[in-house]
Amino acid sequence: AIAATHEVEDGEESPSTINFRRRNEDETTQYITRCRSLRANPNSLLVQKLEQDAYAMMDASVISFRDNYLGARGLLCALDIIDKNQIFQQLDLRGNGLESRSIVKLVHVLTNH
């Protein structure tokens with residue numbers, strides 16, 4: 001669900017818009033922090049998607065990281081995003097240069113769904 005921006009008369013944003021922006025910032029910050037802890041570079045496309053609409057990533061029936069080249073450590077950084085989305089039915093990770101270590105962690109996350 002995407003919260004619409006509503007301006008109030010004095011020019012300030014509505015509470016729903018502020019909450020929407022805060023959620024995007026929180027998810028982006030968590031992802032970047034996770035990347036730093038794993039000594040991985042944050043994927044710029046994923047950061048951009050989180051900044052624009054973290055809600056959509058957490059509530060999508062299809063999660064696609066196709067051809068983003070997350071790499072093995074990059075996937076480990078994104079596991080929290082995958083784990084938070086409790087409704088997805090399809091996960092596309094083609095073209096990401098994954099290794100068995102990251103796949104094992106992914107399987108662990110998926111078995112908890």
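Residues 24 or more positions apart account for 68% of the contacts (heavy atoms within 4.5 Å) in the protein chain with a separation of 6 or more. This is a predicted model, where local features need pLDDT of at least 70 and side-chain atom pairs count only at pLDDT 80 or more, while totals for chains, interfaces and linings use all residues. Residues are numbered from 1 along each chain as its sequence is written, and side-chain values use heavy atoms, with hydrogens and water left out.

**Overall layout**

- Going along the sequence, the order is α-α-β-α-β-α.
- Of the 113 residues in the protein chain, 35% are buried (buried means under 20% relative accessible area, exposed over 50%, partly exposed in between, with a 1.4 Å probe and protein chains only).

**The nonpolar core**

- The largest nonpolar core has 23 residues, and Tyr-31, Leu-46, Leu-50, Phe-65 and Ile-82 have the most contacts inside it. A core here is a set of buried Ala, Val, Leu, Ile, Met, Phe, Trp, Tyr and Cys residues joined through side-chain atoms within 4.5 Å.
- At least two residues of this core come from each of α1 (15–37), α2 (44–58), α3 (71–84) and α4 (100–111), and α3 gives the largest share, with seven residues.
- Leaving out residues up to four places away in sequence, Tyr-31 touches Pro-42, Asn-43, Leu-46, Val-47, Leu-50, Cys-77, Ala-78 and Ile-81.

**Asn-43, in the loop**

- Asn-43 sits in the loop between α1 and α2, and counts as buried because its relative accessible area is 11%.
- A polar atom of the Asn-43 side chain is 3.1 Å from the backbone nitrogen of Leu-45. That is a polar contact: a pair of N or O atoms within 3.5 Å, where, within protein, one must be able to donate a hydrogen and the other to accept it, and residues adjacent in sequence count only if both atoms are side-chain atoms.
- Not counting residues up to four places away in sequence, Asn-43 touches Tyr-31, Asn-68, Tyr-69 and Leu-70.

**The cysteine pair**

- How many disulfides are there? The count comes to zero, taking a disulfide as a pair of cysteine sulfur atoms within 2.5 Å.

**α3 against α4**

- α3 and α4 pack at an angle of about 5°, with their axes 9 Å apart. Axes are lines fitted to C-alpha atoms, for helices over the stretch in contact, and angles run from 0 to 180 degrees between N-to-C directions.
- The two helices are therefore roughly parallel to each other (under 35 degrees; over 145 is roughly antiparallel, 65 to 115 roughly perpendicular and the rest oblique).
- On the α3 side, Ala-72, Arg-73, Leu-75, Leu-76, Leu-79, Ile-82 and Asp-83 meet Arg-101, Ser-102, Lys-105, Leu-106, Val-109 and Leu-110 in α4.

**Ser-64, in β1**

- Ser-64 lies in strand β1 (residues 62–64), and is partly exposed at 33% relative accessibility.
- The C-alpha atoms of Ser-64 and Leu-91 are separated by 5.8 Å, although these residues are 27 apart along the chain.
- A polar atom of the Ser-64 side chain is 3.4 Å from the backbone nitrogen of Arg-66.

Conventions
Helix = DSSP H or I, 4+ residues; strand = E, 2+ residues; numbered from the N terminus.
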